[in-house]
Amino acid sequence: MSDFYVTTPIYYVNARPHLGHAYSTLVADALVRFHRMQGENAFFVTGSDEHGDKIMRSAEKNGQTPREFVDAISGEFRRLWPELGIDNYRFARTTDDDHVRFVQKILQRVYDAGDIYFAEFSGHYCYGCERFYTEKELENGLCPQHLAKPEFISEKNYFFRMSKYLPWIKSHIEEHPDFIRPERYRSEVLAMLDAGVLEDLCISRPKSRLTWGIELPFDTDYVCYVWFDALLTYLSALGPLNCEDFKRCWPGEHLVAKDILKPHAVFWPAILKAAGLPVYTHLNVHGYWLSRNTKMSKSLGNVVDPLEMVKKYAIDPFRYFLFREMHFGSDASFSEEALVGRINADLANDLGNLFSRVLSMTAKYFSSHVPQPCKRHEADDAIVELCASSMRNFTQLFGKIQFAQALECLWVLVRALNKYVDSQAPWALYKQGNMERLATVMYILLAAMRKVALCLWPVMPVTSCRMLDQLGQTADVKTPPVPQINDEIASFEGLYAGTEVAAQSNLFPRVETEGASEVKKAKPKEQKAVKPDRKQVAPRAEKNDEGTPADVLPEIDFEAFKTVDMRVGTIIEASKHPDADRILVFRIDFGEGAPRQILSGLAEYYTPAELVGRQVCAVLNLKPRKIRGLVSNGMVLTALQDDKLTLIGPCTEMPNGSSIA
RNA sequence: CGCGGGGUAGAGCAGCUCGGUAGCUCGUCGGGCUCAUAACCCGGAGGCCGCAGGUUCAAAUCCUGUCCCCGCAACCA
């Protein structure tokens, strides 16, 4: 049997790992565990992309050599994975010697085949993007990403004849509906190919401009440009072509986020084809994790640190949440509130409590030993049947990377088991002295719980093992609990009468809501602003008809008003925005420990110097917003009429942080 | 006509490929149970599936149009 092989992107080590990196890697880990539970050999490759201009510049900024810089950040990534319970992977670096040799070998091969040519190229180069733009792509002569004027550069470079392979890629995608999944991304790529905007790929940079890269084997004056370098990591990590690992693992599949769809869906198959290698089997594309429905970004300061969440809530609940909450392919929203909600509802109440009540009854009625079941009733058969179908659905959906749906199927079983406890009322059977019936019911419950624990191993390995351990099974986070999960679906058996089980269980303690509200108080930002939805907008027109002044907004209730957090603060620093002539940048003390940066369009009305020391009122829980590169964490209140403007402040001095109502 | 995603119960979402009684979780109201982690179980209330047309015996689902929201982008947060 061929091995299961999947990759995460090779993360660009320009920044520290965040939730998105963690998610991709966790998915790879879970898929590998899932395949191992089906008797396959499986592992994945992750790693770091360490070449390029941006890295050079970041290193310089830190006063480090590129090598020192990438060693440090790459190390952060490598240290994170074990903390998240991730296992069975190789960590590849684009600066590894083996990788460098591998890339050079492939480049030479493609060059020899005539698919790389040398050409004079002049174009608009944006240093921010590290790429050339065609006239068509520029907006008013500016880079659409950075809105900066690109430099017009004319130089000779090497090009990969990608256009030659585009028709083949298109037909391959058309013939293999699962090649790019979910389907929305497949459609996007097909649209991209039809648009005809894809050209040959520039794959080199002259050393005069960039030295931090892999030297081209056929021209030592040039280094390789990012994609040829990074994408080939997926192969080089396996070892040389034709080595044992390579033969068993390739073709494998890939896991990426939607931002790097194009290189993986178009460039990469073309490169593989040109190198005479088989193309990957699946490109699995997931969406973004949003924070408060906004994209996470370093500059907005709303980046979720996975380690912090793991420390606070433990690995497995965190993993469960990510798999349960995101529908693979779509964006999903991360919030601590939602995480706590899932922990309490799904894990503590449904699953944890099931273990707790059943094990405690087993202790009471059978001295913590699995009883010998007797004749099954109809209700028992229904559970046995549901158990099989839930597991079957779970494995099928999981294999199709529909994790949220898979878990939901499993929870159908968990909830049914809780119902079964209620409907069979073991405590009543015990009182009646109906030990035969009691034994059967308890056996059904314990055996089904074992099945649930088995299924959960890919998602929650630690908890899965604890559950199995409580059920008297041997289990280990690194080894699949059963050699072949499909056998477990086929037969309800597997738990033997007489096995000693734990007397009690507390798998997922509830996260108390006081804790949650403390979180809310500490971060007023977390509170949801009341959105004026269409139902509230509609009455507005009616009110106007009734004679309310047209410029007064529709009424809101007190609850809505309370969601606005307004405070008094003292301006301790004021300066002009370096890149925006109407904006002033303030640092204002709201008694929060550290001053808060707020931007405001006051430059026409005030000079920075005259404002320092003044007390102002501001809204603190407004969604942070970036203005010309700087983040504003709130809004200073002003009164404005026509061209008159004045700041609003308290009439007498108030302590910083005083609230306004 | 910039590109992409989306509008389904108070909140968050599934269903849409392949039309056939509108579903899940949380919340809420009422009841039950006492094995359990203030948990579990049952029941109720709450939706013109954004809007308008069209196709059809039948549309959340297919088609057309339209409005709105989000991300990317944008100097008045």
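This briefing describes aromatic ring pairs and charges over rings in the structure above. The model is predicted, so that local features need pLDDT of at least 70 and side-chain atom pairs count only at pLDDT 80 or more, while totals for chains, interfaces and linings use all residues. Residues are numbered from 1 along each chain as its sequence is written, chains are lettered from A and ligands numbered from 1 in the order in which they are written, and side-chain values use heavy atoms, with hydrogens and water left out.

**Aromatic pairs**

- Across the whole structure, a search finds 30 aromatic pairs, where rings of Phe, Tyr and Trp (its six-membered ring) pair if their centres lie within 6.5 Å, and planes under 30 degrees apart count as stacked, over 60 as edge-to-face and the rest as tilted.
- The pair of Tyr11 and Trp81 is tilted, because the ring centres are 6.1 Å apart and the planes stand at 50°.
- Tyr11 belongs to strand β1 (residues 4-12) and Trp81 to helix α3 (residues 66-83), 70 residues apart; helices (H or I, at least four residues) and strands (E, at least two) are DSSP runs, numbered from the N terminus.

**Burial**

- Tyr11 is buried, with a relative accessible area of 5%, and Trp81 is buried at 0%, where buried means under 20% relative accessible area (1.4 Å probe, protein chains only).

**A second pair and a cluster**

- Tyr23 and Trp289 form an edge-to-face pair, with 5.8 Å from centre to centre and 75° between the planes, and both residues are buried.
- Ring pairs link Tyr23 and Trp289 into a cluster with other residues, including Phe34 and Phe403.

**Charges over rings**

- Arg33 lies over the face of Trp457, at 4.9 Å from the ring centre, a charge being over a ring if NZ of Lys or CZ of Arg is within 6 Å of the ring centre and within 35 degrees of the ring normal.
- Arg78 lies over the face of Phe91, at 5.2 Å from the ring centre.

Conventions: Buried < 20%, exposed > 50% of the residue type's maximum accessible area, 1.4 Å probe, protein only.
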